[in-house]
Amino acid sequence: MSSMVAARCCPTSKAFYERKKAEGKNHKQAIIALARRRLNVLWALIRDGRTFKITPPPPPVALG
């Protein structure tokens, strides 16, 4: 249920869901992939004793 709501409301989760759909996965497979990703994040937060903060990813570093 959490993943279905996140796929509609959270920009990061929505982008992940859309990427999975673009890879050819059907709705159910994309939601399961998103749920697993959310559980992995939750486990890492519990393991490290941190709280969830939405932060943009760092800008890419140009090599060369």
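A: Let's start with Lys-20, which counts as buried, with a relative accessibility of 16%. Keep in mind that this is a predicted model. Lys-20 forms a salt bridge with Glu-23, and the closest N and O atoms of the pair are 3.3 Å apart. Glu-23 itself is partly exposed, at 48% relative accessibility. As for the general idea, side chains of opposite charge can pair when their charged atoms come close.

Now move along to Asp-48, which takes part in a salt bridge with Arg-47, where the closest N and O atoms are 3.0 Å apart. Asp-48 also forms a salt bridge with Arg-50, this time with 3.8 Å between the closest N and O atoms. That 3.8 Å counts because the cut-off is within 4 Å. Put together, Arg-47, Asp-48 and Arg-50 are linked in a network of salt bridges.

How open are these residues? Asp-48 is partly exposed, with a relative accessible area of 39%. Arg-47 is exposed at 53% relative accessibility, and Arg-50 is exposed too, with a relative accessible area of 51%.

So what does the tally come to? The count is three salt bridges. Disulfides are another story: the structure holds zero of them. The sulfur of Cys-9 is 8.6 Å from the closest cysteine sulfur, in Cys-10, so they are too far apart for a bond.

How values were computed
Residues numbered from 1 in each chain as written. Predicted model: local features only at pLDDT ≥ 70, side-chain atom pairs only at ≥ 80, totals over all residues. Heavy atoms only, no water. Disulfide = S-S within 2.5 Å. Salt bridge = Lys/Arg side-chain N within 4 Å of Asp/Glu carboxyl O. Buried < 20%, exposed > 50% of the residue type's maximum accessible area, 1.4 Å probe, protein only.
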